[in-house]
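This report describes the fold of one chain and the contact that it makes with another.

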Amino acid sequence: MRVTRNLLWLVPGIAILIALPLVVKSSFAVDIFIRILLFSFIGVAWNLMGGYAKQLSLGHAAYFGLGAYTSTILQIDFGISPWIGMLAGGVAAMLASLPIGWLCFRLRGPYFTIATIATAQALMLIFLKFRDFAWGAEGTTIPNLGSAPLMMQFEGKAAYYYVVLGLLAVGLTITWLIERSWMGYYLVAIGEDEDAAEAIGVNAPRIKRDIYMISAFLTACAGTFYSQYIYFIDPATAFSFNISIEAALVSIVGGIGTLWGPVIGTVLLETTSALLQSWLGGSVGGIQLTVYSLILMAIILWRPTGLIGVATDAYRRLASRRPARA
Amino acid sequence: MWETLAQAVINGLLIGGIYALVSIGVTLIFGVVKIVNFAQGEFVMIGMYISFFLSSQFGIDPIVSLVVSMPVLFVAGVLIQHFLIRRVLGPNDMPQIFLTFALSLLLLNLALMLFTANYRTVHTSYSDEVFHLGGLYVPVAKLIAFVVAMGLSGALWTFLHTTDLGKAMRAASQNRDVAMLMGINPNRVFCVALGIALALAGAAGSLLMPFYSAYPLVGQVFTLMAFVAVVLGGLGNVMGALVASLMMGVAESLGIQFVGADSGLIVVFAMLLLTLAFRPTGLGGGKAR
């Protein structure tokens with residue numbers, strides 16, 4: 001019953017998403033769609049660990065950057081396709097998450113968050129320093145091969161749209177599967193109260209390590225996609241603190257620890273930012289994040305469950321107002 | 001060689017004094033209110049801009065403008081505790097982390113909108129003055145900043161140990177529930193803690209102004225420094241934060257001197273990661289939670 005009703009929503013939704021770039025021809029609009037899908041995907045990856053297990057990382061840029069750099073180095077120095085580079089970047093991020101997690105999980109709550117910020121910043125500084133193998137602070141442009149689907153390069157933006165749509169679908173499927181598995185329940189238990197979860201036999205360090213690896217892998221895939229999409233890489237964009245911020249922000253605004261929360265949050269925030277940009281132009285620096293932070297504060301103070309919480313509350317109120325059938 | 005080393009240590013200690021003002025604020029808020037203030041560095045930034053505008057509009061010396069920046073930020077701290085932080089105090093970490101984080105984003109980007117990303121400097125008569133000590137140089141502006149910072153830290157220590165309110169704050173930091181049972185009004189104590197912490201950040205801003213540029217992002221490095229110092233010094237430990245800040249100033253300065261101009265932060269991060277790996281409860285021991 002529930003499944004069929006969900007399918008009823010899902011099928012037309014997917015059809016609309018697939019048809020969208022065929023109908024909308026403006027490359028400005030498609031660019032916004034791509035940004036929405038990309039940040040939804042990053043948010044979904046963050047939400048696995050930050051949302052379900054409440055391990056609030058503000059250092060996911062570390063994995064975004066590692067993914068971007070791994071695939072770019074493999075492509076430029078060894079001629080390996082970014083499709084393979086994306087997987088390689090994901091594996092590199094997974095491996096990096098082991099020592100980083102080993103360090104950061106020694107702390108809890110806010111100090112975990114700080115430690116994750118520090119590790120991402122440290123990685124950025126390392127890539128700024130080592131110019132021999134990663135082009136230092138100037139970064140590099142990725143050679144444009146024209147239409148080369150095997151090298152993840154396409155003419156026109158529509159193909160990029162489908163790639164990132166596919167990534168988001170993978171991310172959502174993984175979340176959906178985890179939500180329904182023993183791991184999902186363990187994660188929520190850890191998020192509610194880590195000590196209590198351990199007391200009833202949840203192996204918290206192992207679960208946190210595993211979910212961190214999955215989250216890192218997905219974030220790295222986003223990094224590869226992004227550097228291929230903008231044909232450019234440097235430490236400041238690949239390890240940008242703003243990536244870490246947005247990953248967390250979209251999930252919290254949309255609804256932390258929910259399947260669709262990051263997607264809904266991204267739609268709201270990216271649309272707001274696109275509207276602000278078209279009204280004010282690029283002239284006023286800082287306005288986008290000012291508005292984001294106000295939205296974030298409002299959500300935290302009045303609706304900590306996010307927009308999904310707002311929607312379910314409104315639905316319940318509507319449902320209870322309806323006269324009960326006898 | 002020895003002179004270079006001594007010079008680096010002096011430079012590090014002097015800037016470490018400023019870091020101490022910021023970290024003492026963070027550790028005080030953590031100890032008493034049990035939250036981590038991600039916006040602490042942004043209040044340093046506000047202190048710097050207050051001093052900058054007082055100096056450029058009215059010609060007031062940045063060190064003197066301390067008497068404006070400290071009370072203004074004290075009031076800001078009381079208001080922030082009363083209207084914002086009070087509403088998210090509870091067993092759940094998430095809203096607390098993201099409230100102060102949102103505050104930091106907001107202040108930083110408001111500053112970017114209002115004051116632009118330009119670097120603002122104040123030139124005082126003593127900005128370039130140097131005081132010789134044998135073969136070593138001691139910049140006068142930094143020395144004044146260090147002395148005032150240590151004076152303020154000492155004043156705070158005296159306040160915490162001699163006055164009733166200070167004792168109430170220490171009691172709340174040691175065991176909040178028992179302190180409440182003894183009749184300590186939590187919101188009043190929390191408001192004062194926030195006020196003092198922000199006033200110290202404002203003082204740090206004013207003291208920096210004669211030798212440091214103000215720009216919207218300037219606070220971030222101070223927040224990071226303070227976090228590392230607070231972890232190193234043991235969470236909630238005022239004395240530990242002070243000592244750790246001075247150590248970090250020296251470590252940063254040695255990094256700049258012997259590794260390279262842009263490696264100061266790498267040394268600091270390395271210190272944080274090594275601490276987490278080997279002494280996650282801080283150098284002096286204690287409880288990390």
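## Overall dimensions of chain B

Along the principal axes, the C-alpha atoms of chain B fill a box of roughly 60 × 45 × 35 Å.

## Basis of the model

The model is predicted: local features need pLDDT of at least 70, side-chain atom pairs count only at pLDDT 80 or more, and totals for chains, interfaces and linings use all residues. Residues are numbered from 1 along each chain as its sequence is written, while chains are lettered from A and ligands numbered from 1 in the order in which they are written.

## Fold and packing

Chain B contains 11 helices and two strands, where helices (H or I, at least four residues) and strands (E, at least two) are DSSP runs numbered from the N terminus. Their order from the N terminus is α-α-α-α-β-β-α-α-α-α-α-α-α.

Of the 289 residues of chain B, 53% are buried, that is, 20 or more other C-beta atoms, placed from the backbone, lie within 10 Å of their own. Among contacts (C-beta atoms, placed from the backbone, within 7 Å) between residues at least 6 apart in the sequence of chain B, 76% join residues at least 24 apart.

## Contact with chain A

The contact involves 32 residues of chain A and 30 of chain B. On the chain B side, α4 (93–115), α9 (218–233) and α11 (264–278) are the elements that give two or more residues. The largest share, 13 residues, comes from α4(B).

Methods
Two residues are in contact if their C-beta atoms, placed from the backbone, lie within 7 Å. A residue is buried if 20 or more other C-beta atoms lie within 10 Å of its own, exposed if 12 or fewer, and partly exposed in between; C-beta atoms are placed from the backbone.
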